[in-house]
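Welcome! Shall we work through some of them together?

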Amino acid sequence: MSEHFQVHGGARLVGEVDVVGAKNSVLKLMAAALLAEGTTTLRNCPRILDVPLMGDVLRSLGCEVAIEGDTVQITTPAQLNHRADSASMGKLRASVCVLGPLVGRCKRAVVALPGGDAIGSRPLDMHQSGLRQLGAHSEIEHGCVVAEAEGLHGAQIWLDFPSVGATENILMAAVLANGTTVIDNAAREPEILDLCTMLQQMGGKIEGAGTSTLTVHGVDALQPTEHRVIGDRIVGATWAFAAAMTRGDVTVRGVDPHHLDLVLEKLRLSGAEVTIDDSQTFRVVQRDRPAAVDFVTLPYPGFATDLQPFAVALASVADGTSMITENLFEARFRFIEEMVRLGADARTDGHHAVVRGVERLSSAPVWAPDIRAGVGLVLAGLCADGMTDVWDVFHIDRGYPLFVENMNRLGADVRRI
């Protein structure tokens with residue numbers, strides 16, 4: 001039976017909320033465990049559906065995976081299965097990140113094309129091009145990416161776009177390649193830095209972590225390690241937007257505020273008071289109706305595309321007109337169709353959306369097309385009159401542990417039906 005959330009409008013969110021490990025990091029770190037024989041331990045892992053799904057993928061490759069609370073232990077055998085085509089592959093996009101480690105360790109990989117959120121096309125061209133430059137042959141065959149190489153060698157690789165997934169796959173293949181690899185125009189997201197940190201702990205030799213140029217000196221073998229996953233900046237930003245939309249007062253703990261510099265600056269422009277208490281804590285207070293602010297999605301350190309639904313939701317109740325520009329995923333504006341059901345005054349034209357804020361949204365049944373859009377609809381429901389039903393909330397469960405519990409702890413009335 002399908003579950004949905006009942007969201008009662010009118011709440012002002014007040015209190016403190018803890019953020020755990022980043023969804024966009026933990027799944028890649030789990031894949032990186034394939035690079036070393038032995039047991040790797042990850043701590044501060046989020047209790048979300050995608051973690052056991054990735055565990056299933058790793059088990060299909062021959063690993064033993066134990067998940068207990070926020071700790072994941074992965075025991076990787078000396079001989080891996082190179083075929084990643086379990087049923088779980090079709091349920092999460094990040095499953096494709098086993099491609100690089102398998103090519104690096106096994107010199108052969110058959111990886112089923114992944115599933116995940118329906119937010120637009122995310123081709124694997126750059127993943128394959130990078131592997132080819134490292135010496136692998138790679139093609140799409142029968143719904144799988146097939147890559148094999150007699151041996152990998154260092155290369156000078158330029159990415160046409162700073163793709164997070166391509167950067168990760170090329171990095172994890174190059175760390176065991178013969179010679180030096182330079183990845184130019186690499187993604188700079190904090191999750192990439194987290195992966196580099198773990199690979200260095202495993203014995204990898206990587207320079208330039210956190211910059212657009214990564215230099216990887218290949219090594220013969222890596223060792224298992226113990227690593228703490230960084231806090232989830234997207235979840236942290238979610239609570240910041242929730243405070244701004246509900247004219248609330250929310251303190252967020254467990255994420256580096258500097259990973260959200262642009263987000264917090266945008267909220268300041270909307271009228272919020274933002275204070276940073278320490279390296280893992282910040283507070284957002286919104287006393288009046290937020291002012292309209294424009295948003296443009298760009299690769300990090302720009303405004304994250306994952307946060308675009310929250311920008312639209314904020315704009316829908318702001319004082320004035322906002323322009324939101326989506327540069328990364330063409331289908332992400334599908335969310336706006338659901339916002340219009342709630343009374344938002346929004347129009348789209350290609351990559352742009354114009355949103356004229358209204359004083360109050362109106363409740364209606366809506367459907368979540370993806371993780372972030374689902375949460376955006378819940379936030380919008382908090383600003384609507386009456387009760388809003390948000391359907392297909394399994395998406396939200398993929399990215400937000402204890403979402404309903406945290407909402408209600410802050411003063412909302414959200415019920416899982």
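Predicted model: local features only at pLDDT ≥ 70, side-chain atom pairs only at ≥ 80, totals over all residues.

Q: Why is Ala187 called buried?
A: Buried means under 20% relative accessible area. Ala187 has 1% relative accessibility, so Ala187 counts as buried.

Q: Where is Ala187, and which residues does Ala187 touch, not counting residues up to four places away in sequence?
A: Ala187 belongs to the loop between strand E11 (180-184) and helix H6 (190-201). With those sequence neighbours set aside, Ala187 touches Pro162, Ser163, Val164, Thr167, Ile192 and Thr211.

Q: What makes Met407 count as buried?
A: The cut-off is under 20% relative accessible area. Met407 comes out at 0% relative accessibility, and therefore counts as buried. Met407 sits in helix H13 (residues 403-409). Leaving aside neighbours within four places in sequence, its contacts are Leu13, Trp239, Val378, Leu379, Leu382, Ala412 and Val414.

Q: Which residues touch the most other members of the largest nonpolar core?
A: They are Met30, Leu58, Val98 and Leu199, in a core of 75 residues. Outside four places in sequence, Leu199 is in contact with Ala32, Leu35, Leu171, Met172, Gly204, Ile206 and Leu222. There is also a second, separate core of 72 residues, and Trp239, Ala311, Ala346 and Ala384 are included in that one.

Q: Why might nonpolar side chains gather like this?
A: In soluble globular proteins, such side chains tend to be buried together.

Q: What makes E6 and E8 the edge strands of their sheet?
A: The sheet is open, with four strands in the order E6-E7-E9-E8 and mixed pairing. Strand E6 (83-84) and strand E8 (137-141) each pair on one side only, and they are the edge strands.

Q: How do you know that E8 and E9 pair?
A: Two strands pair if there are at least two bridges between them. E8 and strand E9 (residues 144-148) are joined by five bridges, so they qualify, and they run antiparallel.

Technical notes. Residues numbered from 1 in each chain as written. Heavy atoms only, no water. Core = buried A, V, L, I, M, F, W, Y, C linked by side-chain atoms within 4.5 Å. Buried < 20%, exposed > 50% of the residue type's maximum accessible area, 1.4 Å probe, protein only. Contact = heavy atoms within 4.5 Å. Helix = DSSP H or I, 4+ residues; strand = E, 2+ residues; numbered from the N terminus.
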